[in-house]
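Trainee: I would like to go through the labels used for this model and ask what stands behind each one.
Mentor: Go ahead.

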Amino acid sequence: MTIPASIIALDSLAAWALKGARARDFLQGYVTSDLHALRTDRWQVTAFCTLKGRVLATAYVTGSATEVTFLMPTDMIEPVLTSLQKYLAFARGSELLRLPMRAVAGIGDLEYPAVDLPSDLRLSLRLADAKTEASNDESLWRLHEIEAGFAQVTAPISEAFLPQMLGLDALGAVSFSKGCYLGQEVVTRAAHKGQVKRRLRRISLASVHDPIVGQKLADATGRECGVLAAYARNPSNVREAIALAVVSGEPELPIDICAATTS
């Protein structure tokens with residue numbers, strides 16, 4: 001059976017770019033993925049870290065040696081650009097641009113640049129005119145991100161986790177061979193010394209209410225066991241929802257929101 005393609009406007013994401021002769025080489029020192037593998041017809045998953053190796057924000061990235069474009073949660077663009085601002089002097093001749101374009105996602109057989117996420121369906125993204133018509137319900141796209149094991153880092157969980165805790169290494173969003181980047185020493189040491197005790201897991205929540213990313217979770221015994229990283233309901237069946245959580249050990253199921261964090 002052929003599944004119709006879906007076109008979805010991702011208005012929770014916004015784009016910015018760095019243009020210039022040294023754009024890619026400069027940014028190589030500030031993201032976790034290897035930008036030398038960039039292609040204009042694909043989107044990588046990447047992350048910006050703090051000096052302590054904690055993920056400041058995640059993003060999709062595409063481009064070339066002279067023009068690199070990021071698509072990321074709107075609420076994280078300012079913190080990322082503020083973090084980069086003090087280093088931009090090293091990107092001589094490069095221009096930082098906010099792009100007034102709309103992010104449009106494709107699910108299924110569409111000729112958009114593909115996204116490097118594991119999925120049974122083709123996932124893709126493009127930047128389009130702000131007036132481009134598309135569905136405004138992002139839940140289906142979020143569902144596919146979660147099924148692929150990708151939790152976008154937004155303000156509630158910014159600077160809370162190492163890339164490995166969010167499974168970014170499993171998605172190919174962390175290079176352990178490309179050389180130095182901001183936070184790289186901490187990230188590499190944690191990987192080699194097995195210091196990562198918390199990991200991303202896909203879970204089903206017992207709650208019938210929509211939770212908020214960043215809320216603490218408890219297992220069946222009432223023990224606090226983790227933090228909610230991503231959540232989406234199935235638009236085809238609103239009773240069905242899945243989530244990603246950073247959890248410790250093997251919590252007793254079912255998992256739900258901690259009573260102390262509910263209103």
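**Labels and their cut-offs**

Mentor: The count of salt bridges comes to 12. This is a predicted model, in which local features need pLDDT of at least 70, side-chain atom pairs count only at pLDDT 80 or more, and totals for chains, interfaces and linings use all residues. Residues are numbered from 1 along each chain as its sequence is written, and side-chain values use heavy atoms, with hydrogens and water left out.

Trainee: Why is the pair Asp116 and Arg42 called a salt bridge?
Mentor: The term requires a side-chain nitrogen of Lys or Arg within 4 Å of a carboxyl oxygen of Asp or Glu. The closest N and O atoms of Asp116 and Arg42 are 2.7 Å apart, so the pair meets the rule.

Trainee: What does the pair of Asp116 and Arg42 tie together?
Mentor: Asp116 lies in the loop between β8 (114-115) and β9 (123-128), and Arg42 in strand β3, so the pair ties together parts that are 74 residues apart in sequence. Helices (H or I, at least four residues) and strands (E, at least two) are DSSP runs, numbered from the N terminus.

Trainee: Is Asp116 buried, exposed or partly exposed, and what makes it so?
Mentor: Buried means under 20% relative accessible area, exposed over 50%, and partly exposed in between, with a 1.4 Å probe and protein chains only. Asp116 has 30%, so it is partly exposed. Arg42, with 27%, also counts as partly exposed.

Trainee: How do you know whether Glu250 is buried or exposed?
Mentor: Its relative accessible area is 67%, so by the cut-off Glu250 is exposed. Glu250 is found in the loop between β13 (237-248) and β14 (256-257).

Trainee: What makes the link between the side chains of Glu250 and Arg201 a polar contact?
Mentor: A polar contact is a pair of N or O atoms within 3.5 Å; within protein, one must be able to donate a hydrogen and the other to accept it, and residues adjacent in sequence count only if both atoms are side-chain atoms. The contact between Glu250 and Arg201 is 3.2 Å, so the distance is within the limit.

Trainee: How do you know that the buried residues of α2 line one face?
Mentor: The buried residues of α2 are Met76, Ile77, Val80, Leu81, Ser83 and Leu84. Seen down the axis of α2, they fall within an arc of 155 degrees, so they line one face of the helix. The arc is that of the directions from the helix axis to the C-beta atoms.
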